[in-house]
Amino acid sequence: MPLSLAVLVSGGGSNLQSLIDRIEQGVLDAEIKLVVSNKPEAYGLVRASEHGIPTRVVAHADHPSREAFDTEVLRAIEAHQAEAVILAGFMRILTPGFVQSFPRRLLNIHPALLPSFPGAHGQRDAADYGVRISGCTVHFVDEIMDHGPVIIQAAVPAEPGEGGDALAARILRLEHRIFPQAVQWLAEGRLGMEDRHVRLAPAKRPLADLSGLGPCLVNPPLEQGF
Ligand code: GRF
């Protein structure tokens, strides 16, 4: 049985697209039951509809509190019977109650090497700081923003003065590789946890070809198809 997912977006949805593409290629053993956006104009909704995926807008502005908003999102997810929730550029902080509804089944992608540069502007903050390496992180979500146990990280060089946009583009290409991979590991039941250390159960599988990605370091390594 494929892992059934709800994907939450707020914007362009290129990470959503990377999940859809891998599912359609038959390498990601998952099914997206629902895409939820807190913004009606999010292009991620169009991407979902183009692939026949049900969508739902839960506008945060229409809800009096974070709890009320999260309850509505939770209802939608439960109605579509999604087992795991994927935050793909979802720019809202979720309440502890929501987080606790999906223990080890709630994943986020962040465009920086956590714990450096959490928050809404990870790429710009890293570029402004002048780091020489940045990247992206897929992690389990806990009650603290951009804090939960790390599943996979990818690092890329950052160049002086190039600005956040150039760095963001370099990072985004790797986001599209590591996020579907992390979801596949979840689908395969290969992610264990000791304290906050995520253990990936081994599998006899060839590794991915990273040529064309430019200089980067990905750990754990990507497997074939990702
Ligand atoms: C990505 O950089 C993601 O890491 C961050 O927001 C951006 C969303 O991009 N959380 P998209 O909507 O998936 O294209």
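By class, the shell around the ligand holds 2 nonpolar, 6 polar and 1 charged residues. Here Ala, Val, Leu, Ile, Met, Phe, Trp, Tyr, Cys and Pro count as nonpolar, Asp, Glu, Lys and Arg as charged, and the others, Gly among them, as polar. The members are G12, G13, S14, N15, G89, I109, P111, Q123 and E175, where being around the ligand means having a heavy atom within 4 Å of it.

Before going on, the source. This is a predicted model, in which local features need pLDDT of at least 70 and side-chain atom pairs count only at pLDDT 80 or more, while totals for chains, interfaces and linings use all residues. Residues are numbered from 1 along each chain as its sequence is written, and side-chain values use heavy atoms, with hydrogens and water left out.

Now the polar contacts, meaning pairs of N or O atoms within 3.5 Å. A polar side-chain atom of S14 is 2.6 Å from a ligand oxygen atom. For G13, a backbone N or O atom lies 2.8 Å from an oxygen atom of the ligand; for G12, the corresponding distance is 3.4 Å. The ligand taken alone exposes 360 Å², and the protein buries 82% of that, by the Shrake-Rupley method with a 1.4 Å probe.

Domain 1 is 1-102 and domain 2 is 111-137 + 151-226, with bounds from an automatic or database domain assignment. Their C-alpha centres are 21 Å apart. In contact, that is with heavy atoms within 4.5 Å, are 15 residues of domain 1 and 13 residues of domain 2.

Definitions and conventions. Polar contact = N/O pair within 3.5 Å; in protein donor to acceptor, adjacent residues only side chain to side chain.
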